[in-house]
Amino acid sequence: MWSSLNDWLWDERFWLPPNISWAQLEDRDGLVFPHPRDTLMAVPLALALVVVRFTFERFVGLPLSRWLGVRNQIRRPAKPNAMLEKHFLMIGRKPTEPQMNLLAMQCGLTLRQTQCWFRRRRNQDRPCLTKKFCEASWRFAFYLCSFISGTMVLYHESWLWTPVTCWENYPHQPLKPGLYHWYLLELSFYISLLMTLPFDTKRKDFTEQVIHHFVTIILISFSYSLNLLRIGSLVLLLHDSSDYLLEASKLFNYTHWRRLCDTLFIIFSLVFFYTRLVLFPTRILYTTYFESTVNLGTFFGYYFLNILLMILQLLHVFWSCLILRMIYSFIKKGQMEKDVRSDVEELDSSDGEAAEECPQMKNGAAKRPGAAPTDGPRSRAAGRMANGHTPAT
């Protein structure tokens with residue numbers, strides 16, 4: 001059964017141009033060609049990259065964040081409350097007003113005390129600034145090294161400057177060692193990103209990130225197996241050309257170097273728009289949709305490749321809209337604000353608005369939020385001193 005399934009899956013009529021067989025792509029006369037089984041090496045390499053990443057973040061990213069003055073915001077933890085915790089984990093992080101009133105009655109708290117508890121509890125799950133800095137530093141280091149490596153590998157290749165040459169003598173194009181190692185490293189990196197995605201900082205485009213990683217992994221594996229490394233390498237290099245600029249902008253944002261952060265973000269935006277919205281459709285999509293059919297004709301692999309590339313392009317448009325929103329905010333307010341993709345940078349009012357969240361006393365002095373009991377009605381006697389001030393906590 002497995003043999004039959006494998007033969008059907010790799011049927012050359014699906015993946016290769018007409019009159020081309022897998023036997024023609026076997027190594028011969030000192031020439032080496034890509035083989036689908038080579039992509040299996042990316043799995044252990046991805047695990048190794050995960051280890052390298054956490055080592056990098058621990059011994060490079062973390063000390064660097066401290067040296068640059070990155071400081072985590074001090075957040076007061078929510079006091080233990082089993083009923084509120086159960087609702088938070090099983091029903092929702094942001095209860096509606098009727099739910100909030102019901103929970104307040106059941107716990108013997110005021111409405112504002114309950115709201116204060118949920119704000120603090122949400123803040124506990126938000127990643128600290130140091131964690132985000134370490135994640136961005138790792139991605140910056142990899143994207144920069146990958147972009148430099150890819151440029152060195154492809155600089156002297158004709159298809160970098162003239163994409164139509166990607167189809168010359170296809171699929172009989174020997175595999176070069178430099179391209180093999182760089183391609184496999186990129187595949188391993190995106191697999192490692194998918195492995196660590198549940199533990200990384202989650203943003204509003206989490207679903208789009210998952211789709212992007214899956215499409216990228218399938219596209220890299222598929223293009224390698226079918227010896228489409230030339231066009232695949234152009235796609236990888238085009239993406240790496242702007243990714244490291246975004247991560248650098250994040251790093252300076254976390255260190256509060258606003259002017260440098262804004263400058264890098266504008267440069268990143270220009271590079272992103274040019275590479276993803278101009279070069280990608282006019283050079284990459286054009287050659288895969290039209291120029292590739294001149295000598296090859298159409299086959300299933302042709303349609304599969306172009307569907308994946310079109311999904312990438314739709315993601316490019318989606319992220320371009322988010323970038324335009326940030327640029328609009330920059331033009332309107334004079335400085336770059338929070339990442340519109342991020343839930344982390346949303347209003348964090350547990351500490352800054354403590355006086356507004358917790359009930360006031362009769363004399364107008366705000367009671368400290370930490371003094372509110374969580375297991376019964378508020379005690380006025382315990383919260384009031386003879387001089388009308390609140391007790392220190």
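Residues are numbered from 1 along each chain as its sequence is written, and side-chain values use heavy atoms, with hydrogens and water left out. Because the model is predicted, local features are considered at pLDDT of at least 70 and side-chain atom pairs at pLDDT 80 or more, whereas totals for chains, interfaces and linings use all residues.

The protein contains 16 helices and 0 strands, where helices (H or I, at least four residues) and strands (E, at least two) are DSSP runs numbered from the N terminus. Of its 393 residues, 46% are buried, the term buried denoting under 20% relative accessible area, exposed over 50% and partly exposed the range in between, with a 1.4 Å probe and protein chains only. Among contacts in the protein with a separation of 6 or more, 78% are between residues 24 or more positions apart; a contact requires heavy atoms within 4.5 Å.

An unreviewed UniProt entry lists residues 39–56, 140–160, 180–199, 257–277 and 311–331 under "transmembrane region"; its positions are given in the numbering used here, feature names are shortened, and such annotations may be inferred rather than shown by experiment. In the model, residues 140–160 are 86% helix and 0% strand, with end C-alpha atoms 24 Å apart, while residues 311–331 are 100% helix and 0% strand, with end C-alpha atoms 30 Å apart.

Helix 9 (residues 177–196) packs with both helix 7 and helix 10. Its angle with helix 7 (residues 129–154) is about 160°, and the two axes lie 10 Å apart, the axes being lines fitted to C-alpha atoms, for helices over the stretch in contact, and the angles running from 0 to 180 degrees between N-to-C directions. Helix 7 is therefore roughly antiparallel to helix 9, given that angles under 35 degrees count as roughly parallel, over 145 as roughly antiparallel, 65 to 115 as roughly perpendicular and the rest as oblique. The crossing is left-handed, that is, the near helix is turned anticlockwise from the far one by less than a right angle, clockwise being right-handed. Residues in this contact include Trp-138, Phe-142 and Tyr-143 of helix 7 and Trp-182, Glu-186 and Tyr-190 of helix 9.

With helix 10 (residues 206–225), helix 9 forms an angle of about 155° at an axis separation of 9 Å, which makes this pair roughly antiparallel, and the crossing is left-handed. Glu-186 and Tyr-190 of helix 9 are among the residues that meet helix 10, where the contacting residues include His-212, Phe-214 and Tyr-224. Helix 11 (residues 229–254) and helix 12 (residues 258–291) pack at about 165°, with axes 8 Å apart; helix 11 is thus roughly antiparallel to helix 12, and their crossing is left-handed.

Most residues other than glycine have a negative phi, and most peptide bonds are trans. The bond from Tyr-170 to Pro-171 is cis, with omega near 5°, and Pro-171 is placed in the loop between helix 8 (158–161) and helix 9. Asn-169, found in the loop between helix 8 and helix 9, has a positive phi near 60° and is exposed, with a relative accessible area of 53%. A positive phi of about 50° is likewise found at Asp-29, in the loop between helix 2 (12–15) and helix 3 (42–67); at 77% relative accessibility, Asp-29 counts as exposed.
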